[in-house]
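I opened this notebook to keep a record of what I looked up, in the order in which I looked.

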Amino acid sequence: MLKYCIKRLLLSILILLGVSLILYVLVSFMPVDYFEDQIRNSLGGAVENNEAEVQAKLDSIKAYYGLDSNVFKGYFNWLSRLCKGDLGNSFVEKQPVEDVIFRDMGVSFGISLVALILELLIAIPLGIKCACNQYGKLDYFVTVLTMIGISFPTFFLGGIVKKVFATDLGWFEPIGLKSSLPMNATDWERFADMLWHLVLPMFVLVVLSIGGWMRYTRTNTLEVLNADYIRTARAKGLSEKSVVYKHVFRNTLIPLVTMLAGTLPSLFGGAMITETVFDLPGIGNTAWKLMQAGDIPFIMGYNMFIAVLTIIGILLTDIMYAVVDPRVKLR
């Protein structure tokens with residue numbers, strides 16, 4: 001196990017080097033006047049006509065990212081700072097990129113984690129139930145609902161939910177994470193208010209993702225139910241409940257582990273569209289706004305952050321294979 005993890009970590013380092021090189025080269029090909037526009041915006045209107053300050057700032061930014069010299073020399077200078085944890089300073093936020101990421105990451109992580117737990121708690125039992133009752137009324141009914149949920153774009157479903165339940169009915173808050181509570185409000189009241197704001201975003205996240213998990217579980221459960229060892233277990237006289245939840249369920253988890261590889265970036269990287277629709281102060285919404293503003297340091301730092309999460313997710317998935325399937329040996 002240890003030898004395998006070391007090999008995968010070394011391979012992950014090579015992959016991250018490739019990602020960082022591609023990201024740096026793409027940014028270096030951006031026109032210089034684009035940098036000038038962003039620097040002027042970051043300096044504000046008070047120095048709008050101060051060309052000397054704009055030029056000095058532009059020269060410092062170009063020197064920081066190595067855009068005033070050889071591309072490869074600039075890349076290695078940027079990479080050395082990246083390895084030290086220095087992602088640069090955000091043009092818009094006026095603070096280190098890593099501080100911006102970790103500041104807003106908590107909200108996104110909490111929302112995505114709870115949504116993922118709800119998705120698994122609903123989708124896996126439902127998928128197994130539909131597989132055990134293939135072509136039954138429940139199977140057809142759930143299949144139609146999940147296909148409808150999968151077909152909806154995030155912004156479309158989020159807009160409908162917000163209009164109906166927040167704007168028209170007034171049951172929930174349309175945007176934000178907190179209301180204007182009195183100064184003497186207790187911590188419990190503030191926490192309950194925050195949860196009330198998260199009902200609609202959580203509903204959208206669960207509805208859009210539950211269909212994929214359910215269909216994937218159903219398909220894999222059907223394959224396991226037709227296996228020879230399942231027929232043998234039934235021939236031995238085991239109850240259907242024991243067959244399904246002791247033998248079928250564990251083997252159904254093996255393919256599902258593959259899908260979990262992509263959940264880690266979404267947990268920490270934020271649900272960009274959902275957070276934007278409901279204007280939540282998460283890293284996904286922040287990333288969308290700063291990308292629109294052309295915040296180059298944040299774009300580079302955020303994409304490297306997502307790349308690291310993706311590599312870690314894949315490594316954890318490989319390790320989980322050995323946990324759920326004794327036949328898998330990591331060497």
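The entries below cover the basis of the model, a helix contact, the aromatic rings and the cysteines.

**Basis.** I am working with a predicted model, in which local features need pLDDT of at least 70 and side-chain atom pairs count only at pLDDT 80 or more, while totals for chains, interfaces and linings use all residues. Residues are numbered from 1 along each chain as its sequence is written, and side-chain values use heavy atoms, with hydrogens and water left out.

**Helix contact.** I looked up helix α5 (residues 97-132) and helix α13 (residues 283-292), which pack at an angle of about 135 degrees with their axes 7 Å apart. I took helices as DSSP runs of H or I with at least four residues, numbered from the N terminus, and axes as lines fitted to C-alpha atoms over the stretch in contact, with angles from 0 to 180 degrees between N-to-C directions.

**Aromatic rings.** I found ten aromatic pairs, where rings of Phe, Tyr and Trp (its six-membered ring) pair if their centres lie within 6.5 Å, and planes under 30 degrees apart count as stacked, over 60 as edge-to-face and the rest as tilted. I also noted that Y24, Y75, F76 and W78 form one aromatic cluster.

**Cysteines.** I counted zero disulfides, a disulfide being a pair of cysteine sulfur atoms within 2.5 Å. The sulfur of C130 has its closest cysteine sulfur in C132, 9.4 Å away, which is too far for a bond. C130 is buried at 0% relative accessibility, and C83 is exposed at 66%, with buried meaning under 20% relative accessible area, exposed over 50% and partly exposed in between (1.4 Å probe, protein chains only).

Conventions. Helices (H or I, at least four residues) and strands (E, at least two) are DSSP runs, numbered from the N terminus.
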